[in-house]
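Here is a protein to look at for the first time.

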Amino acid sequence: RASVVMAHTVYHGIAQRVYVKSEIIMGMGLGLLAGAAWKYNHWQHRSKQQEFYAALEKSKKTGSKDPSF
């Protein structure tokens with residue numbers, strides 16, 4: 001006859017302890033990283049727009065009909 005061994009069940013989906021401090025720190029870190037990436041992206045777009053309008057203004061002053069960008 002086979003003996004049945006009863007083992008404890010491990011539930012991987014349920015946290016045994018909640019680490020509030022580490023979750024706050026990780027959330028803030030990820031938020032700062034995402035914010036920095038977003039801000040860098042906007043700086044790139046802004047510099048491209050400034051270059052475009054500077055070239056447009058320059059072409060108006062020189063009287064060129066077809067500004068090359």
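Q: How much accessible surface does the protein have, and what share belongs to carbon and sulfur atoms?
A: This is a predicted model. Its accessible surface comes to about 7300 Å². Carbon and sulfur atoms hold 62% of that surface.

Q: How many helices and strands does the protein have?
A: There is one helix and there are zero strands. The helix, H1, covers residues 20-62.

Q: What share of the residues count as buried?
A: The protein has 69 residues, and 1% of them count as buried.

Q: Why is Ser59 called buried?
A: Its relative accessible area is 9%. Ser59 sits in helix H1.

Q: What makes the approach of Ser59 to Leu56 a polar contact?
A: A polar atom of the Ser59 side chain lies 2.7 Å from the backbone oxygen of Leu56. The limit for such a pair is within 3.5 Å, and 2.7 Å falls inside that limit.

Q: Why do Phe52 and Tyr53 count as an aromatic pair, and why is the pair called edge-to-face?
A: One aromatic pair is counted. Phe52 and Tyr53 form it, with ring centres 5.2 Å apart. Centres must lie within 6.5 Å, so the rings pair. The planes make an angle of 75°. Over 60 degrees counts as edge-to-face, so that label applies.

Q: Are Phe52 and Tyr53 buried, partly exposed or exposed?
A: Phe52 has 36% relative accessibility. That value lies between 20% and 50%, so Phe52 is partly exposed. Tyr53 has a relative accessible area of 53%. Exposed means over 50%, so Tyr53 is exposed.

Q: Which residues make the nonpolar surface patch?
A: Val18, Val20, Ile24 and Met28 make it, and the patch is about 410 Å².

Note on methods: Residues numbered from 1 in each chain as written. Predicted model: local features only at pLDDT ≥ 70, side-chain atom pairs only at ≥ 80, totals over all residues. Heavy atoms only, no water. Phe/Tyr/Trp six-rings, centres within 6.5 Å; stacked < 30°, edge-to-face > 60°. Buried < 20%, exposed > 50% of the residue type's maximum accessible area, 1.4 Å probe, protein only. Patch = residues over 30% accessible without salt bridge, like charges linked within 9 Å, V, L, I, M, F, W, Y side chains within 5 Å. Areas by Shrake-Rupley, 256 points an atom, 1.4 Å probe, with all protein chains shown as cover. Salt bridge = Lys/Arg side-chain N within 4 Å of Asp/Glu carboxyl O. Helix = DSSP H or I, 4+ residues; strand = E, 2+ residues; numbered from the N terminus. Polar contact = N/O pair within 3.5 Å; in protein donor to acceptor, adjacent residues only side chain to side chain.
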